[in-house]
Amino acid sequence: MCGWAGAGNVGDELLTRAVADVLRSQGAEPVVASRDPAATKRLHGLEAVPWGRRGRSHLDRVDG
């Protein structure tokens, strides 16, 4: 999923959590494009990749 995760905005982090929870409840394993992948992993327990071009190398693993 892609949004404004990892930038420290509480509202965006809450949206990240809500969307991730819905996806997990449906059996998905969300991967988040994040401004700060380490913070996103810590805060949400999600796999996170760098937002933008830096994260493109991870797209080959995405199946949905």
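Predicted model: local features only at pLDDT ≥ 70, side-chain atom pairs only at ≥ 80, totals over all residues.
I started with Glu47 and found its place in strand E3.

Next I looked for what sits across from Glu47. Val31 stands opposite Glu47. I then checked the strands themselves: E2 and E3 (residues 47-50) pair in the parallel sense, over four bridges. To get from E2 to E3, the chain goes through helix H2 (residues 37-44), and I noted that this β-α-β crossover is right-handed.

I also looked up a distance back to the helix. Pro37 and Glu47 are 10 residues apart in sequence, and their C-alpha atoms are 7.9 Å apart in space.

On to H2. Which residues of H2 are buried? I got Pro37, Ala39, Thr40 and His44. Looking down the axis of H2, I saw that these buried residues fall within an arc of 160°, so they line one face of the helix. Just after H2 comes Gly45, and I wrote down its positive phi of about 65°.

Then I went over to Ser34, which belongs to strand E2 (residues 31-34). Why does Ser34 count as buried? Its relative accessibility is 0%, and the cut-off for buried is under 20%. What does the Ser34 side chain reach? I found the backbone oxygen of Ala5, at 3.3 Å. I listed its other neighbours too, leaving out residues up to four places away in sequence: Ser34 touches Ala5, Gly6, Thr40, Ala48, Val49, Pro50 and Trp51. One of those, Thr40, was already on my list of buried residues in H2.

Last, I zoomed out to the protein as a whole. I counted two helices and three strands, and read along the sequence they follow the pattern β-α-β-α-β. The protein has 64 residues, and 28% of them count as buried. For contacts between residues at least 6 apart in sequence, 38% join residues at least 24 apart. I also looked up the surface: the protein exposes about 4400 Å², with carbon and sulfur atoms supplying 55% of it.

Methods:
Residues numbered from 1 in each chain as written. Heavy atoms only, no water. Buried < 20%, exposed > 50% of the residue type's maximum accessible area, 1.4 Å probe, protein only. Polar contact = N/O pair within 3.5 Å; in protein donor to acceptor, adjacent residues only side chain to side chain. Contact = heavy atoms within 4.5 Å. Areas by Shrake-Rupley, 256 points an atom, 1.4 Å probe, with all protein chains shown as cover. Pairing = 2+ DSSP bridges. Right-handed = clockwise from strand over helix to strand, strands pointing away. Arc of directions from axis to C-beta.
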